[in-house]
Amino acid sequence: MQTAERDLRLDMLNSLLTTPHRELEKVSEVHRTMVESDPIFYGHLAVWYQRNGDVRDHKEVFVGSLLSSSLGEHRDAGYMLLQEFPPYQVARIVDFLKQHRGKLPRSTRTAVRRYLKEREKNPVFFDRAALRARSAMKHLYASLHIKPSDRADAVLFKDNPPEDSLAFALKLMAIASSPLEQAQLIVEYKIPYTVAVGAIKQMTPTVLVALINSMTPQEVINNLKSLQTRGAMENPQVKALIDEKLEKAQGDVRVAALKARVAADAAELDADTAARLERVMDEQVKKRGKIAKPTALLVDKSSSMESAIEVGKRIAALISGMAAADLFVYAFDTMPYPVKATGNQLSDWERAFQHIKANGATSIGCGLEAMRLRKQLVEQIILVTDGGENKAPYFVETFDAYKRDLKVEPSVLIVKVGYSYDWLERKLQEKQVQIDTFTFAGDYYSLPNLMPLLSRPSRLELLMEILETPLPVRDDK
C-alpha cells in the first residue's frame, strides 16, 4: 500500500472520530472526497462503520453516499443498509441526498418504499414506528409520493386510527379519568415514554413505574434527565426500578456507550446513578475488544492545558477498562508525574488526577524519557497536548533514544487540544513514525471512537479488517 493512499484512508478514519451533532455538512465533503478517491475502500468502510461505529451522523452520510454512488454495488449496499435504520434517520438520509447530493436516485426511492411496506406488513411493528416517529414517517410517504396502506393512511394522515392500534390506545390514555387508568393502558399497550408523557395528567409513582417498566435500558438512559425532572429519583421504588434498568444496560447489546456519557453530562445526577452510568459505559466500551499492546498515555499539564488534563483522565478511564497489557500514565510539564488509579472507572481517574494542576513550561519528551530510564516498554504512545514544546528533553530526540534502547518501534497517536501546532507531527512524519492525529473539539462523546485505532495490532491491520468486511447484496432484484 502506497504511503499517500494509506494516509488518505487514515484521514478518513480520523474524521470518523468527530461527532458533528447533526451538522452533516461538516463531514459531507470528507465523505465525497473519499468515495471519489478510493471507492472500493469507501464501500467496505461504510459497512464496517455501520457494524462498529457509534456516530449516527456518519452512518447517515455513509448510506447517503452509497445510495448516490455511481457504482452499482455501492447502491445495492446502501439499499440494504437503509433497511436497518429507524424512521427518523431514514428521513434524514433522504433529506441529506436532496440537500447535499442534489439528487434522489430511483433506487433510493425504491429502498424507502420497501422500508415502509415491510413495516406495513406487521401492524405491531408499524404502530410502534408510527407512534415514535410520526412526523418522519409522514415525511417519507409524502415527500416521495408513496401511497400508504389503509392502516397507515388512517393512523398518519386521517388521525382516525383503528381500535386495535397503538395510536388508538394513546387516544384512550389521553381521556382516561385517573392516573391508575392511564398506568394500566401504558402497561397493556407498552406505550413509549416519549409519546405517553405528553398525555399524562398527573405523574404519580404508579404512572412512573408503568412507564419505566415499558422502557428498554437504552430508553431509560436517554430519558434520565426527564425522569429526574418528574421526580422519579425521589421515590425509592421508582429509583430502584431505574437502577435495575441501568444494571441490565451493562449487558444489553443495543446500548450505546456514547449515550451513557451524554446522559451523565446532561443531568445533574446523584453520585450513585452517575456511578451506574459509568459502569454502563465501561462495560459497553470493553465489548469493543481488548488493547493487547502495552500503551503509554502522556498528558500535558503545562500552562493553559486544563483541557488536556480533563481529556487525559477520560481517555485513561476508557483504555484502562480495555487494557490487557501494561498501561503507563504520566502527566508532564518539564517533569513527569506518574499517575496511578485504584480502578478503571472515571471516578478512579478523577481521584488519580485530582492534584494535577496546569502550570509550567513544556517538555513533551520528559515522560517518555522517564519510561526509557525505567525500561517501561510500550508499543503505542498516546500524547494529549497542543503540540507546543519549549524545554528539553524534546520528544523527537527522546523517541529515537527510546526506540534504540528498548528495541521497539511504537506508534504515536496525538490527541490535539486547545490551539494546537503541527510541528511535532511533521517532525515525526519526517522520521517515518507511524502517527495518527485526532483534534479534540470539546466533545467528550467522541473519545470512545479512538478505541478501534488502539485495539487493533496495527493501523494496516485495521485497514485490512475494513477491506475484508463484505458489502451486503440486494436480495430483491
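Which helices do the buried residues of helix 14 pack against? They pack against helix 12 (179-189), helix 13 (193-196), helix 15 (217-222), helix 16 (224-229) and helix 17 (236-249), where contact means heavy atoms within 4.5 Å. This is a predicted model: local features need pLDDT of at least 70, side-chain atom pairs count only at pLDDT 80 or more, and totals for chains, interfaces and linings use all residues. Residues are numbered from 1 along each chain as its sequence is written, and side-chain values use heavy atoms, without hydrogens or water.

Helix 14 spans residues 205-213. Its buried residues are Val207, Leu208, Val209, Ala210, Leu211 and Ile212. Buried means under 20% relative accessible area, exposed over 50%, partly exposed in between (1.4 Å probe, protein chains only). Helices (H or I, at least four residues) are DSSP runs, numbered from the N terminus.

Now the aromatic rings. A search of the whole structure finds six aromatic pairs. Rings of Phe, Tyr and Trp (its six-membered ring) pair if their centres lie within 6.5 Å; planes under 30 degrees apart count as stacked, over 60 as edge-to-face and the rest as tilted. Tyr141 and Phe157 have ring centres 6.2 Å apart and planes at 80°, so this pair is edge-to-face. Tyr141 lies in helix 9 (residues 134-143) and Phe157 in helix 10 (residues 150-157), so the pair ties together parts 16 residues apart in sequence. Tyr141 is buried, at 2% relative accessible area; Phe157 is partly exposed, at 36%.

Trp349 and Phe353 form a tilted pair, 6.3 Å centre to centre with 45° between the planes. Both are buried.

Conventions:
Helix = DSSP H or I, 4+ residues; strand = E, 2+ residues; numbered from the N terminus.
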